[in-house]
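Open the structure in your viewer and keep the selection tool at hand. This tour goes stop by stop: what to select, then what is there.

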Amino acid sequence: MIGQHLQFRGLFLKYFLVLFLAVVIPLAANGLSEAWFGYRDQRTRLEQLLGVEARSAGAKIQGFLDGITNQLGWLVQLPWTGEPDERRQIDALRLLRQVPAVASLTLLDGNGRERLYVSRIGLNRTESRMDRSAEVAVAGARMNRLWYGKVGYYRDSEPYMTIALTGNRPSVGVVVAEVNLKLIWDVVAAIKIGRTGHAFVLDGPGRLVAHPDINLVLRGADEATLAPFQRIREEIRRAPADVATGRDAGGIAVAAAATPVAGPDWTVVVEQPLSEAFGPIYAALWRTFGLLLAGGAFACLLAFILARRMTEPIRLLEDGTERIGAGQFGHRIEIRTGDELERLADSFNAMAAELAVSQERQERIAKLKRFLAPQVAELVDRTGDDDVLEGRRTEVVAVFCDLRGFTPFSARAAPEEVMSVLSEYYDALGRIITRYEATLTSFSGDGLMVLVNAPVPVAEPALQAVDMAVEMQLSVQTLIAGWRRRGYRIGFGVGLALGPATVGRIGYESRFDYTAIGSVVNLAARLCASAADREILADGAVARAVDGKRAVNPMGMRPIKGYDEELLVYRVAFADQPDAA
Amino acid sequence: MRRRDVLAWLGGAAACALPARAQSQAMPVIGYLGLESPGPFDSRLKAFREGLAEAGYVEGRNVAIEYRWAEGRYDRLPALAADLAGRKVAVLVASGGAPAALAAKAATKTITIVFEMGGDPVALGVVDSLSRPGGNLTGVSSLSVEVSRKRLEFMHELRPSASSFAVAVNPTSPTSGSQLRNLQMAAEALGVRLHVMNASKEEEFEAMFSSATREQAGGLVFTSDPYFAFRSTQLADLCLRYSMPAVTQSRDFPTAGGLMSYGGDFMQSHRRTGNCAGRVLSGEKPADLPVQLVTKVELVVNLKTARALSIDVSPSLISGADTVIE
C-alpha cells in the first residue's frame with residue numbers, strides 16, 4: 001500500500017517536474033540570454049556615451065583655455081613702438097575685466113622687455129623695461145607661439161597656470177598671463193554625466209586642476225586626495241576599451257572615460273557611478289527576474305494542475321483495480337477525461353462486470369460440483385450455463401449399490417470404526433464414479449445411487465455402467481477383505497438397470513440435487529436389494545446392450561418387488577479374486 | 001518585508017502626529033555672529049541664504065538660524081560668541097570680518113566655525129593654512145585687505161597731480177598694521193606721501209575728513225575694515241560735503257554716492273560662506289574644507305559723483321571698472 005502510494009507520488013513528481021521544467025527552462029534561457037545581451041548592449045552604449053561625454057567635456061575645458069588665449073591674442077596684434085602704449089593698457093585692463101580667470105597680465109615687447117604689467121591684486125607697472133626674455137614662458141611662447149606653464153598652487157591652495165602667447169611676428173611681443181584655474185570650476189561643475197556623473201581635470205603629473213567639488217582642488221598637491229583620481233586615470237590608460245571601471249574618491253564603483261587636452265597636457269576624465277550607468281540594465285534584470293518568478297509560479301501551478309489531472313485518473317484506476325482485485329466487482333471507476341484513460345477505465349469496468357458474472361457462475365458450478373462428476377461440472381462450466389441440468393426424459397443407467405450386513409455392524413461397532421469403514425468405502429467408490437463420468441445423485445448410509453448418461457450423455461451407457469459396477473465390486477471386495485481380517489462381517493452388492501427416466505434438478509434455492517425418476521430407478525434399487533455379496537445384478541435391457549461385449553449370465557426369472565410378473569435377471573460376471581487377497 | 005512596511009507606516013504616522021514644535025527642535029541650528037545690525041547686513045544675509053540653499057538648507061524649513069548682532073561694538077563680540085557657543089549650535093558662522101572670527105575662535109574649540117572676512121586668515125592666526133585649515137575653523141576670505149594698495153593706485157590714477165593722499169585706518173582692526181605697511185610700500189612705488197588718519201568711531205569720521213581737507217590730500221583712501229565698509233552711507237555723505245574724493249572696499253559706498261570702491265565681491269564671499277556652513281551641517285569636517293579665496297575683486301566707479309567733484313575719470317579706469325554708475 002505504502003509502496004503503491006510512493007509510486008503514485010513518484011509519477012506525480014515526474015509529471016510535475018517535466019511540465020514545470022518544460023516551461024521554466026525556456027523561460028529562464030530566454031530571460032538569461034536577454035539579460036546577457038542587454039548587459040552587453042548597455043555596456044557598449046555606455047562606452048560610446050562616456051566616450052562622447054569625455055570628448056565633449058574635453059572640448060569644454062579646451063574652450064575655456066581657448067577663450068583666454070583668444071582674448072590674449074588681441075594684445076599681440078601690433079608691434080611695439082618706443083612710446084608707452086596707452087591703447088594697449090586700456091585693452092589689458094578691459095581684458096582683466098572681461099576674463100575673470102586672468103589674475104595678472106605682463107606685456108613684453110619684441111626684445112623681451114616688460115612694457116606693461118596689470119594685476120587685480122598688485123600694483124600695475126608701466127614701462128619698467130625689465131629684461132624678461134630669459135624667462136621660460138617667454139622662450140616657450142617664442143618657440144611655439146602658445147605656451148602653457150605647469151600648474152602651480154598659490155599658497156598651496158589655489159591652482160594657477162601661466163599662459164604665454166606671441167603674435168605672428170616677434171615685434172608684436174609676448175603676453176604672459178597668470179590664470180586662476182579655480183575659474184574652470186564654472187565649466188567643470190556644469191558638466192553632468194547622466195544624473196550624478198561628473199568630470200574632473202588632471203594635469204600631466206596627476207594633480208587636480210578642476211573638480212566640481214572645489215574643496216578637493218583647493219587642497220593643493222595633497223597625495224591622499226589625489227591618489228584616487230590618478231588611479232582612475234591609470235586604469236583608463238590600461239583599459240583595452242576607452243572605458244574603465246574603478247572606484248572614485250568616495251569608494252563608489254564608477255565607469256570612467258578620458259580625453260586629453262592637447263595644449264597644457266591635461267586629461268579630462270568623466271565618470272559615472274556604475275549603479276546609474278547600469279541602472280537601466282539593473283532595472284531590466286530585476287524585471288526579468290520578476291517575470292521569471294511569476295512565470296515559475298505560473299508554471300508551477302500549471303504543472304501541478306496538469307500533473308494532477310494526469311495522475312488522478314491513474315490513481316482512480318489503481319484504486320479501482322485494487323477494489324476489484326479484493327472482490328468488489330460492483331465497484332465502477334469513474335473517469336470522464338475523454339481520452340485513453342477513460343477507455344481504459346471503461347475496459348476495467350467491463351472486466352469487473354464480466355468478473356462478477358463469472359464469479360456468480362463459479363459459485364453455481366461449485367454448488368453443482370457436489371453432485372456432478374468433475375467432468376460434468378467442467379462441462380457445465382465450459383458451456384457457461386446449467387441447461388444440461390434442466391428436467392428432461394432420457395435413457396439412463398441407474399446403478400445402486402450398498403453394503404451387506406452393515407446395519408448389524410454399525411449397531412455393534414464403535415462410531416469411529418463405522419465412520420472409518422464408511423470413509424474408506426466412499427473414498428473408493430467416489431474415485432471410480434468420477435473416472436466413469438457417472439453422476440452421484442444421492443447417498444444415504446451405506447447405499448448410493450449413480451446415474452450414467454445423465455446429465456452428460458456417454459457413447460455406451462450400459463457398457464460403461466457395467467464396467468463401473470465391476471470395478472466397484474473389485475475395489476470394495478478388496479476393502480472387504482481388509483475388514484474381514486478386522487472381524488467385520490460385511491458384504492457388497494450392486495444392481496443396475498437401463499431405461500428411460502425423467503432426470504433433472506430438484507430442490508430449493510440453496511439445496512439442489514440432481515436425480516432421476518422412473519421405473520428404471522426402482523428396478524435398479526430392487527436389483528441391488530436382491531443382489532448378494534459379490535454380486536452384480538442387471539436387468540434385461542442392460543444385458544442386451546452389453547451382449548457380446550461383457551459376460552452377462554442369465555440367472556432365471558425372479559420376482560421383483562413392485563412388478564407383477566417375474567423378471568429375467570442377469571448376473572454380471574467378473575474376475576472374482578476374493579481369495580487372492 | 002510586510003512587517004517592516006507596517007513599522008515604517010506606523011513611524012510615519014507617529015512623526016505626523018508629533019507637534020510642529022518637536023520638528024523645529026530636531027532642526028540643526030546655525031549660530032550667526034554678525035559685526036553690525038541686520039540692516040546693513042541685509043544683502044549679505046540674502047547671499048548667505050542662497051549659499052545655504054545650494055547645500056540644501058532653507059531657513060525655517062530644515063535649519064534654524066540664531067542671530068547675534070554686535071551693532072558695530074566689537075567689544076561685545078566675545079560675549080555674543082560665548083552665548084552662541086553655550087547654546088551648542090551645530091555650526092557657528094562668524095561673518096563680516098576678522099574680529100568676529102577671532103571672537104568665535106576664542107569662544108569654542110569644538111563647534112565648527114565658518115568665517116567670512118576680508119583679511120588673510122593665515123596671517124591673522126585664524127587658521128594654519130589655506131589648503132588644510134586644521135582645527136575647527138574654515139571659511140572664506142574676500143581678499144579686500146590685500147588690495148588696499150590697489151585703492152591707492154586707483155586714487156593716484158584719478159588724481160595724478162596730487163602728491164599726497166590721506167589714508168583712513170581703524171586702529172582697532174587686527175589688519176591695520178599690515179595694511180598700512182602695504183600702503184606705505186605702494187606709496188613709495190607711486191612716489192606719493194601718505195597722511196594716516198585714525199578713526200574707530202563714527203564720531204571721528206568728520207574730523208578725519210576735515211583733517212584730510214586741511215592737509216590738501218588728493219584723496220582719501222580707506223583701508224579695508226568692516227567698520228568703514230558698513231558705514232558707507234555716512235562716509236559717502238561726508239565725501240560729498242567735504243568734496244573729498246574717496247575710495248573704500250565696499251560697493252555700497254559708490255552706490256550711496258561715494259566716488260569709487262575696490263574690493264572683494266561680498267556677495268560671492270557670503271554665498272560661499274553659506275554653502276560652506278551647509279556642507280558642515282551635512283557632516284563634512286572643517287579640516288577637509290580648504291579656506292576659499294574670493295576670485296572676484298570688483299571696481300565700481302560713480303561718474304555722477306566724479307562730475308560733482310569735477311574729477312576726470314581716465315578711459316583706462318572706466319574700461320577696467322566692473323560697474324560704472326552714471
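**Stop 1: confidence**

This is a predicted model. Colour chain A by pLDDT. The mean for chain A is 85, and 94% of its residues reach 70 or more. Now select residues 1–6 of chain A. Here pLDDT stays under 50. For this stretch the model has three contacts beyond four places in sequence.

**Stop 2: a salt bridge between chains**

How many salt bridges are there over all chains? The count comes to 44. Start with D213(A) and R279(B). Their side chains form a salt bridge, with N to O at 2.8 Å. This pair crosses between chains. On one side, D213(A) sits in the loop between β9 (208–210) and α5 (214–218) of chain A. On the other, R279(B) belongs to helix α12 (residues 266–281) of chain B. Are the two residues buried or exposed? Both D213(A) and R279(B) are buried.

**Stop 3: a pair within one helix**

Select helix α8 (residues 279–325) of chain A, then pick out R323(A) and D319(A). The two residues are four apart, about one turn of the helix. A salt bridge joins R323(A) and D319(A), and their closest N and O atoms are 3.3 Å apart. Check the surface here. R323(A) has 34% relative accessibility, so it counts as partly exposed. D319(A) is partly exposed too, because its relative accessible area is 27%.

**Stop 4: a pair from separate elements**

Next, select R486(A) and E424(A). Their side chains meet in a salt bridge, at 3.4 Å from N to O. R486(A) lies in the loop between α13 (461–485) and β16 (491–508) of chain A, while E424(A) lies in helix α12 (residues 415–435) of chain A, so this pair ties together parts 62 residues apart in sequence. R486(A) is partly exposed, at 44% relative accessibility. E424(A) is also partly exposed, with a relative accessible area of 29%.

**Stop 5: a network**

Select four residues together: D109(A), R115(A), E127(A) and R129(A). Salt bridges link these residues in a network.

**Stop 6: a hairpin**

Click on F443(A). Its bridge partner in β15(A) is L448(A). Then move to the turn. The hairpin of β14(A) and β15(A) has two residues between the strands. At G445(A), phi is positive, near 60°.

**Stop 7: the domains of chain B**

Domain 1 covers 2–142 + 266–295, and domain 2 covers 148–264 + 298–325. Their centres, taken over C-alpha atoms, are separated by 32 Å. The contact takes 17 residues from domain 1 of chain B and 11 residues from domain 2 of chain B. What area is buried between domain 1 and domain 2 of chain B? The value is about 1100 Å², and carbon and sulfur atoms give 65% of it. Two salt bridges are found across this interface of domain 1 and domain 2 of chain B.

**Last stop**

Stay in chain B and select R231(B) and E36(B). Their side chains meet in a salt bridge, at 2.9 Å from N to O.

Notes. Residues are numbered from 1 along each chain as its sequence is written. Chains are lettered from A and ligands numbered from 1 in the order in which they are written. This is a predicted model: local features need pLDDT of at least 70, side-chain atom pairs count only at pLDDT 80 or more; totals for chains, interfaces and linings use all residues. Side-chain values use heavy atoms; hydrogens and water are left out. pLDDT is the predictor's confidence in each residue, from 0 to 100. Contact means heavy atoms within 4.5 Å. Buried means under 20% relative accessible area, exposed over 50%, partly exposed in between (1.4 Å probe, protein chains only). Two strands pair if DSSP finds at least two bridges between them. Domain bounds come from an automatic or database domain assignment. Buried area is the accessible area (1.4 Å probe) that two parts lose on being put together, summed over both.
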